[in-house]
Amino acid sequence: MFSREHILSAFSAAVPIMLGYVAIGLPCGILGNTIGLNPLQVALLSILLYSGAGQFMIPNMFLAGSGVAAITASVSLVNTRQMLYAASFAPQCADSPRWLSALFAASVTDESYGVNTARFAEGNWSVDRALMVNLFSQSSWTISNIVGCAVGAAVDIPVSIAAFAMTAIFICLLVTQKFTSANIVAMVVAMAGVYLCKALGLTGPAILIGAVAGVVCAMAFAVAAGKGGSHPAGFPPEGVEGVEGAAGASSSEGAANAGVPAGASEGGEGR
């Protein structure tokens, strides 16, 4: 456990995540500075909360005038996906010490989940190496946030530019999705949901409602297609692959166009 070989293999697996976190961690730290957080506070937030979506949402919702209760509820809802990620690793953690499994589960994010899932599927992967992937990733995220906060304090960077970083990532996710029938349903419904909520004055939960509506409609479409005994062109028989990512990306792009604070748009994701 935690041998030199394991550390090196974990670091190698975590490098792509670490580089990606630099790109979004810097603007996240800059946003933190805009609401008066200092580097120490940003560091503690990155260590204790460790949520890309949540840490982008907090300053954006604060600047938009949202109350503490609304911010807390929104961040909590967005982070519930982490419980599902952690629960899916239960079989791999069955023979590991409880402290190791608990620490691993508490530090799983979207990106490390993807990397570790692939490594476990390939075999010859262990919980201690998976944990180190998480910790290397978190270290990169924390350091990037601290540097971004310091840069924000020294240089006047427009908030709109920093806030758009997370929205841009979701636009990239949208573009790279497989354009199956189910994903198209998810994207259209999610975007329509965001605009409809905005039109009704439900600005706060617009992203969450749009994303959930997109996923639900896409899943209903999948069930209907399955019962029909045929699958629409491009629709995978095994399920709605990528639906959640498509819905999150679509609602995020729709939010940007609708004027929703860009950082908050990751509420449709899935960091």
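# Chat about a cavity and some rings

Trainee: Which helix gives the largest share of the lining of the largest cavity?

Mentor: H1 does, with 3 residues. Helices here are DSSP runs of H or I with at least four residues, strands are runs of E with at least two, and both are numbered from the N terminus. A cavity is a set of points, on a 1 Å grid over the protein atoms alone, where a 1.4 Å probe fits but cannot get out, and a lining residue has an atom within 4 Å of a point. Keep in mind that this is a predicted model: local features need pLDDT of at least 70, side-chain atom pairs count only at pLDDT 80 or more, and totals for chains, interfaces and linings use all residues. Residues are numbered from 1 along each chain as its sequence is written, and side-chain values use heavy atoms, with hydrogens and water left out.

Trainee: Okay, and how much space lies in that largest cavity?

Mentor: About 60 Å³. Volume here is the space filled by probe spheres set on the grid points, which are joined across faces, edges and corners.

Trainee: Which helices supply at least two residues each of its lining?

Mentor: H1 (4-34), H2 (39-48) and H3 (52-63). The lining is made up of Cys28, Gly29, Gly32, Leu37, Val42, Leu45, Gln55, Pro59 and Asn145.

Trainee: How many of the lining residues are nonpolar, polar and charged?

Mentor: 5 are nonpolar, 4 are polar and none is charged. The scheme counts Ala, Val, Leu, Ile, Met, Phe, Trp, Tyr, Cys and Pro as nonpolar, Asp, Glu, Lys and Arg as charged, and the others, Gly among them, as polar.

Trainee: Let's take one of them. Is Cys28 buried or exposed?

Mentor: Cys28 is buried, because its relative accessibility is 3%. The cut-offs are under 20% relative accessible area for buried, over 50% for exposed and partly exposed in between, with a 1.4 Å probe and protein chains only. Cys28 is part of helix H1.

Trainee: Switching to rings: how many aromatic pairs does the structure hold?

Mentor: It holds 6. Rings of Phe, Tyr and Trp (its six-membered ring) pair if their centres lie within 6.5 Å; planes under 30 degrees apart are stacked, over 60 edge-to-face, and the rest tilted. Tyr21 and Trp141 are edge-to-face because their planes are at 70°, with 5.7 Å between the ring centres.

Trainee: Where do Tyr21 and Trp141 lie?

Mentor: Tyr21 is in helix H1 and Trp141 in helix H9 (residues 127-154), so-called distant parts of the chain, 120 residues apart. Tyr21 is buried at 2% relative accessible area, and Trp141 is buried too, at 0%.

Trainee: What about Phe89 and Phe104?

Mentor: They form a tilted pair, 5.0 Å centre to centre with 55° between the planes. Phe89 is in the loop between helix H5 (81-88) and helix H6 (90-93), and Phe104 is in helix H7 (residues 98-106), so the pair ties together parts 15 residues apart in sequence. Phe89 counts as buried at 3% relative accessibility, and Phe104 does at 1%.

Trainee: Which residue lies over the face of Trp125?

Mentor: Arg119, at 5.2 Å from the ring centre. The test for a charge over a ring is NZ of Lys or CZ of Arg within 6 Å of the ring centre and within 35 degrees of the ring normal.

Trainee: Backbone next. What is the phi of Tyr50?

Mentor: Tyr50 has a positive phi of about 45°, and it is not a glycine. Most residues other than glycine have a negative phi. Tyr50 sits in the loop between H2 and H3 and is buried, at 6% relative accessible area. Asn124 has a positive phi as well, near 55°. Asn124 lies in the loop between helix H8 (110-122) and H9, and it is exposed, at 68% relative accessible area.

Trainee: Last one: how many helices and strands are there in the protein?

Mentor: There are 13 helices and 0 strands. Of the 271 residues, 45% count as buried. The accessible surface comes to about 12500 Å², 69% of it belonging to carbon and sulfur atoms; the areas come from the Shrake-Rupley method with a 1.4 Å probe, and for residues only the protein chains shown count as cover.

Technical notes: 1 Å grid on protein atoms, 1.4 Å probe; cavity = no way out; pocket = protein on both sides within 12 Å on 5 of 7 lines; lining within 4 Å.
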